[in-house]
Amino acid sequence: MSKTFDRFASLIFLVLGVAFVVGSQSISASAYGSHVGPNIFPMGLGSLLILLSLRLFYETFKYKQEGKKEKEKLDYKRFLIILVGALLYVLLLEEIGYVISTFLFLFVGFQTMQKGKWLNSVIISGAFSFGVYLLYVEVLDGTLPGLPTWLGL
């Protein structure tokens with residue numbers, strides 16, 4: 001990417017991160033039956049976004065001098081696959097549950113970015129989906145959409 005684009009993007013991400021943190025302050029601190037309130041994730045994600053945007057802005061000072069610009073070919077096919085996958089993930093999260101929808105989204109994303117290595121994609125997608133679910137629901141006593149009732153589990 002270019003230095004100018006990365007600096008501009010880092011400033012946009014910084015503003016978004018601050019908006020997440022400020023917006024999370026207006027969300028209640030605790031939900032019924034949960035020790036982890038709904039304000040924790042937006043605040044954490046906003047803080048992480050602020051830190052990463054500051055890191056990106058800092059990294060732009062290390063860029064080498066831009067010489068002859070090469071026109072990069074945009075990969076619309078991969079972008080559309082990930083975009084449709086993200087939309088389906090949001091729409092199906094309640095219907096098929098967190099574990100299944102997250103597994104499918106990650107698997108499709110990994111296969112879109114690098115075809116092949118199915119076993120690695122399955123292992124990483126499954127470990128992440130189950131790991132985050134168990135950590136959040138069992139350890140932190142939070143709530144996430146479970147497995148669908150039509151599975152009979």
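1. **Pro148.** Pro148 counts as buried, because its relative accessibility is 7% and the cut-off for buried is under 20%. This is a predicted model, so read the position as computed. Pro148 is found in the segment after H5. Setting aside neighbours within four places in sequence, Pro148 is in contact with Glu95, Ile96 and Ile100. Take Ile100: 48 residues separate it from Pro148 in sequence, yet the C-alpha atoms are 9.0 Å apart in space.

2. **Confidence.** The average pLDDT of the protein is 80. At least 70 is reached by 84% of the residues. H4 has the highest confidence, at a mean of 88. H5 has the lowest, at 84.

3. **Nonpolar core.** Which residues form the largest nonpolar core? There are six: Tyr89, Tyr98, Val99, Tyr133, Tyr136 and Val137. Helix H4 (98–113) and helix H5 (118–139) each supply at least two of the core residues. H5 gives the most, with three. In soluble globular proteins, nonpolar side chains tend to be buried together.

4. **Tyr98.** Tyr98 belongs to that core. What is Tyr98 in contact with, leaving aside its neighbours within four places in sequence? The list includes two core members, Tyr89 and Tyr133. Leu93, Phe128, Ser129 and Val132 are also in contact with Tyr98.

5. **Surface patch.** Leu74, Tyr76, Phe79, Leu80, Leu83 and Leu87 form a nonpolar patch on the surface. Together they have about 640 Å² of accessible area. Leu74 sits in the loop between helix H2 (40–59) and helix H3 (76–96). Is Leu74 buried or exposed? Leu74 counts as exposed, because its relative accessibility is 55% and the cut-off for exposed is over 50%.

6. **Salt bridge.** How many salt bridges does the structure hold? The structure holds one. The side chains of Arg55 and Glu59 make it, at 2.8 Å from N to O. Both residues lie in helix H2. They are four residues apart, about one turn of the helix. Arg55 is partly exposed, with a relative accessible area of 48%. Glu59 is partly exposed too, at 23%.

Terms used. Residues numbered from 1 in each chain as written. Heavy atoms only, no water. Patch = residues over 30% accessible without salt bridge, like charges linked within 9 Å, V, L, I, M, F, W, Y side chains within 5 Å. Areas by Shrake-Rupley, 256 points an atom, 1.4 Å probe, with all protein chains shown as cover. Salt bridge = Lys/Arg side-chain N within 4 Å of Asp/Glu carboxyl O. Buried < 20%, exposed > 50% of the residue type's maximum accessible area, 1.4 Å probe, protein only. Core = buried A, V, L, I, M, F, W, Y, C linked by side-chain atoms within 4.5 Å. Contact = heavy atoms within 4.5 Å. pLDDT = per-residue confidence, 0-100.
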